[in-house]
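Subject: Structure handover and findings

Hello,

Here is the structure we talked about passing on. My notes on it follow below.

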Amino acid sequence: MFRKLAKANKAISEERCIELLKKQKRGVLSVLGDDDYPYGMPLNHYYDEETGKIYFHSGNYGHRKAAVEKHDKVSFCVLSDPQVVEGTFGLDLQSVIVFGRMKVITDMDLIKDICRKLCYKFTDDAEWIEKEIEADAKATILLELTPEHMCGKFVNES
């Protein structure tokens, strides 16, 4: 059902894909939006090692939520930090693409738990995190991506 990489020698391991999903702070989530136009948006995310699911926080209304409720198939792409290759004009980087199904989560305990974990990717200020969660959790939903296929590859731009 899912295509294999055209250049199999550029593939990175599943372990490296997961490492990138855990480490990187942002990626691009693509959904089928209004009038079936692709809608890609940069978002921060949280990869849950226990379940293998990827979570995104969102407002409880808008284009993203409506798209997911209409079409649950999505893709999510994350890039590593590019590395300058001395003596060349190009960059080396790795990318991961996850294909899967997304659903809206409204369970407030899970929303708070995942949002807390997501915040810790950006700051260790527990007081600030708790204040933000209490202020905004009621207007927040989670989008839960259950991966069906994941692949990653090494890219050398030179």
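Is Phe99 buried, exposed or partly exposed? Phe99 is partly exposed, with a relative accessible area of 29%. Please keep in mind that this is a predicted model.

Aromatic pairs

The count of aromatic pairs comes to two. One of them joins Phe2 and Phe99: the ring centres are 5.5 Å apart and the planes stand at 35°, so the pair is tilted. This pair links distant parts of the chain, since Phe2 sits in the segment before α1 (14-23) and Phe99 in strand β7, 97 residues apart. Phe2 is partly exposed, at a relative accessible area of 30%.

Phe56 and Phe76 also form an aromatic pair, with 4.9 Å from centre to centre and 80° between the planes, and this pair is edge-to-face. Phe56 belongs to strand β4 (residues 54-59) and Phe76 to strand β5 (residues 73-79), 20 residues apart, and here too the pair links distant parts of the chain. Phe56 has a relative accessibility of 0% and therefore counts as buried. Phe76 is buried as well, with a relative accessible area of 0%.

Helices α3 and α4

Two packed helices are described by the angle between their axes and the distance between the axes. For helix α3 (residues 108-119) and helix α4 (residues 126-136), the axes come within 10 Å and cross at roughly 140°. That angle makes α3 oblique to α4; the limit for roughly antiparallel is over 145 degrees. The crossing in which α3 passes α4 is right-handed.

Which residues meet there? On the α3 side they are Lys112, Cys115, Arg116 and Cys119, and on the α4 side Trp128, Ile129, Glu130, Ile133 and Glu134. By type, the residues of this contact divide into five nonpolar, no polar and four charged.

Tyr46 and Leu118

Leu118 lies in helix α3. With a relative accessible area of 5%, Leu118 is buried. Setting aside residues up to four places away in sequence, Leu118 touches Asn44, His45, Tyr46 and His57. The C-alpha atoms of Leu118 and His57 are separated by 8.8 Å, and the two residues are 61 residues apart along the chain.

Tyr46, one of the residues that Leu118 touches, is placed in strand β3 (residues 46-47). Why does Tyr46 count as buried? Its relative accessible area is 17%, and buried means under 20%. With residues up to four places away in sequence again left out, Tyr46 touches Lys53, Ile54, Tyr55, Ile114, Lys117 and Leu118.

Thr140 has its place in strand β8 (residues 140-156) and counts as buried at 12% relative accessibility. Leaving aside neighbours within four places in sequence, Thr140 is in contact with His57, Ser58, Ile111 and Cys115. Of these, Cys115 is one of the α3 residues in the contact with α4, and His57 is among the residues that Leu118 touches. How far apart are the C-alpha atoms of Thr140 and Asn60? They are separated by 5.6 Å, while the two residues are 80 residues apart along the chain.

Ser95 is in strand β7 (residues 91-105), the strand that also holds Phe99. Ser95 is buried, with a relative accessible area of 9%. Beyond residues up to four places away in sequence, Ser95 touches Ile12, Val78, Leu79, Cys151, Gly152 and Lys153.

Positive phi values

Asp35 has a positive phi of about 55° although it is not a glycine. Asp35 is found in the loop between β1 (26-32) and β2 (38-44), and at 68% relative accessibility Asp35 counts as exposed. For Asp36, phi is near 60°, again a positive value in a residue other than glycine. Asp36 lies in the loop between β1 and β2 and counts as partly exposed at 43% relative accessibility.

Regards

How values were computed
Residues are numbered from 1 along each chain as its sequence is written. This is a predicted model: local features need pLDDT of at least 70, side-chain atom pairs count only at pLDDT 80 or more; totals for chains, interfaces and linings use all residues. Side-chain values use heavy atoms; hydrogens and water are left out. Helices (H or I, at least four residues) and strands (E, at least two) are DSSP runs, numbered from the N terminus. Buried means under 20% relative accessible area, exposed over 50%, partly exposed in between (1.4 Å probe, protein chains only). Contact means heavy atoms within 4.5 Å. Axes are lines fitted to C-alpha atoms, for helices over the stretch in contact, and angles run from 0 to 180 degrees between N-to-C directions. Angles under 35 degrees count as roughly parallel, over 145 as roughly antiparallel, 65 to 115 as roughly perpendicular and the rest as oblique. A crossing is left-handed if the near helix is turned anticlockwise from the far one by less than a right angle, and right-handed if clockwise. Ala, Val, Leu, Ile, Met, Phe, Trp, Tyr, Cys and Pro count as nonpolar, Asp, Glu, Lys and Arg as charged, and the others, Gly among them, as polar. Rings of Phe, Tyr and Trp (its six-membered ring) pair if their centres lie within 6.5 Å; planes under 30 degrees apart count as stacked, over 60 as edge-to-face and the rest as tilted.
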